[in-house]
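Welcome, and thanks for taking a look at this structure.

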Amino acid sequence: MKKKKFSLSDLMRSKITWAVIAELLILLVCFIIRPEFFSISYQPTTGMLYGSLIDILNRSAEITIIAMGMTLVIALGGTDLSVGALVAVSGAIALKFLRWDVSAYPTPGDYTIYPFVLVLLVPLAVCTLMGLFNGVMIANVGMQPIIATLILMVAGRGVAQILTNGKQFTTLYTPFRFIGQGSLFCLPMPIVISAIVVAAVALFTRKTAFGTMVESVGINPSASRLSGINAKAVILIVFALTGLLSGIAGLIYSSRIMSNDSNNAGLNYEMDAILAVVIGGTNMSGGKFSLAGTVIGSIIIRTIVTFVYYFGIVSEATMAFKALIIAVVIVLQSEPAREWFAKRAKNRQDRMSAAVKGDA
């Protein structure tokens with residue numbers, strides 16, 4: 001098989017290339033303004049690495065995990081607005097199982113009322129079922145994805161409030177704290193969990209035919225059905241998987257704060273996840289998707305937030321500053337911009353080739 005020749009113009013046409021360039025430019029600005037932004041230290045007392053770069057990876061874990069599912073949803077040509085609410089549901093169930101009755105157990109402590117395995121598995125099972133509900137509404141009832149998930153987005157936080165009777169449960173249970181605040185191989189546990197999730201989803205979609213099925217359904221559902229693909233089953237699996245991943249993110253979030261916060265848990269996560277997917281190069285109209293690009297997009301979003309906090313930009317300006325940088329990144333990824341840079345790269349490469357031939 002003939003090896004494909006490297007082409008700079010093709011590289012410039014890739015959306016992932018511009019996502020990487022955007023991240024490197026943001027980091028370069030951070031380095032110029034304050035070089036210690038890149039400093040990483042090791043604390044023997046906790047056995048963990050610390051620093052702004054570690055914090056970026058750590059704090060982007062929830063969005064990265066959710067965005068893995070969102071990538072597949074968008075590849076189908078849809079969107080899921082319920083992921084933030086499912087984060088709240090997951091945390092509420094976990095804390096409910098840890099404390100159950102705050103009137104009987106009024107003081108939070110290093111204990112759990114129900115077995116810890118239930119604290120982990122029940123929230124994940126419930127969130128998976130709620131994701132499956134979205135899939136049923138879309139695949140079987142024929143509802144538009146944005147409408148079906150909007151229903152659960154509104155209802156989800158209400159469910160979380162009902163589960164905890166509108167109360168905020170807190171806990172000091174050490175094994176639960178380990179999920180969001182522990183470490184493994186000197187890295188914060190959320191980084192390890194997100195890496196495992198990314199690897200698992202990548203293996204599931206790229207080492208099996210499922211990823212191709214998702215892209216086929218996203219490009220043309222009717223043609224995919226005629227080719228023998230069960231489009232409804234694909235939709236059900238994708239939305240159930242997205243619900244499961246939202247549940248994992250919810251456990252990490254509630255473990256970070258050692259509490260449930262049904263009003264604020266997962267707030268705006270759906271928007272950040274969609275942005276991460278779009279920045280990563282997946283087209284909102286469906287079809288081909290890039291999990292690696294989504295990871296980069298998630299890191300870009302968290303880098304912007306860390307940049308804002310680290311350099312003392314007023315919190316009121318955070319959203320505007322974040323939107324400005326994301327807008328620049330998306331403009332650079334637009335078809336006209338990429339084509340312009342690709343043509344310039346091709347012309348430069350042609351001139352270099354002609355110069356080499358002339359010297360020869």
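Gly 180 is buried, as its relative accessible area is 7%. Its C-alpha atom is separated by 9.4 Å from that of Ile 191, 11 residues apart along the chain. Please keep in mind that this is a predicted model.

**Pockets**

- The largest pocket has a volume of about 680 Å³.
- Its lining is made up of 24 residues, and those that lie nearest the centre are Tyr 269, Asp 272, Arg 302, Val 305 and Lys 322.
- Several helices take part in the lining of the largest pocket: α4 (61-75), α12 (231-257), α13 (269-279), α14 (291-310) and α15 (318-333) each supply at least two residues.
- Sorted by class, the lining of the largest pocket has 13 nonpolar, five polar and six charged residues.
- The second largest pocket holds about 250 Å³ of space.
- For the second largest pocket there are 13 lining residues, with Leu 76, Ile 138, Val 217, Pro 221 and Ile 235 nearest its centre.
- Two or more residues of that lining come from each of α6 (116-139), α11 (221-226) and α12, and α12 gives the largest share, four residues.
- The lining of the second largest pocket divides into nine nonpolar, two polar and two charged residues.

**Helix α13**

- Eight of the 11 residues of α13 are buried, so this helix is largely enclosed by the rest of the structure.
- The buried residues of α13 are Tyr 269, Glu 270, Asp 272, Ala 273, Ile 274, Ala 276, Val 277 and Ile 279. Two of these, Tyr 269 and Asp 272, are among the residues that lie nearest the centre of the largest pocket.
- Just after α13 comes Gly 281, with a positive phi of about 105 degrees.

**Backbone angles to notice**

- Most residues other than glycine have a negative phi.
- Phe 185 is not a glycine, yet it has a positive phi of about 55 degrees. You will find Phe 185 in the loop between β3 (183-184) and β4 (187-188), and it counts as exposed because its relative accessibility is 68%.
- Met 258 is another residue other than glycine with a positive phi, near 55 degrees. Met 258 sits in the loop between α12 and α13, and it is buried, with a relative accessible area of 6%.

**Salt bridges**

- How many salt bridges does the structure hold? There are four, and three of them are described here.
- Arg 256 and Glu 62 meet through their side chains in a salt bridge, at 2.9 Å from N to O. This pair links distant parts of the chain, with Arg 256 in helix α12 and Glu 62 in helix α4, 194 residues apart. Both Arg 256 and Glu 62 are buried.
- Asp 55 forms a salt bridge with Arg 59, and their closest N and O atoms are 3.8 Å apart. Both residues belong to helix α3 (residues 52-59), where they are four residues apart, about one turn of the helix. An α-helix has 3.6 residues a turn, so residues three or four places apart point the same way. Asp 55 is partly exposed at 29% relative accessible area, and Arg 59 is partly exposed at 38%.
- Glu 36 and Arg 34 form a salt bridge too, with 3.7 Å between the closest N and O atoms. Glu 36 is partly exposed, with a relative accessible area of 43%, and Arg 34 also counts as partly exposed, at 30%.

**A nonpolar surface patch**

- Leu 25, Leu 28, Val 29, Phe 31, Ile 32 and Ile 33 form a nonpolar patch on the surface, and together they have about 570 Å² of accessible area.
- Ile 33 is partly exposed, with a relative accessible area of 49%.

**A pair from separate parts of the sequence**

- Ala 125 is found in helix α6, where it counts as partly exposed at 39% relative accessibility.
- Ala 125 and Ala 240 are 115 residues apart in sequence, while their C-alpha atoms are 9.8 Å apart in space.

Terms used: Residues numbered from 1 in each chain as written. Predicted model: local features only at pLDDT ≥ 70, side-chain atom pairs only at ≥ 80, totals over all residues. Heavy atoms only, no water. Patch = residues over 30% accessible without salt bridge, like charges linked within 9 Å, V, L, I, M, F, W, Y side chains within 5 Å. Areas by Shrake-Rupley, 256 points an atom, 1.4 Å probe, with all protein chains shown as cover. Buried < 20%, exposed > 50% of the residue type's maximum accessible area, 1.4 Å probe, protein only. 1 Å grid on protein atoms, 1.4 Å probe; cavity = no way out; pocket = protein on both sides within 12 Å on 5 of 7 lines; lining within 4 Å. Points joined across faces, edges and corners; volume = space filled by probe spheres on them. Nonpolar A, V, L, I, M, F, W, Y, C, P; charged D, E, K, R; others polar.
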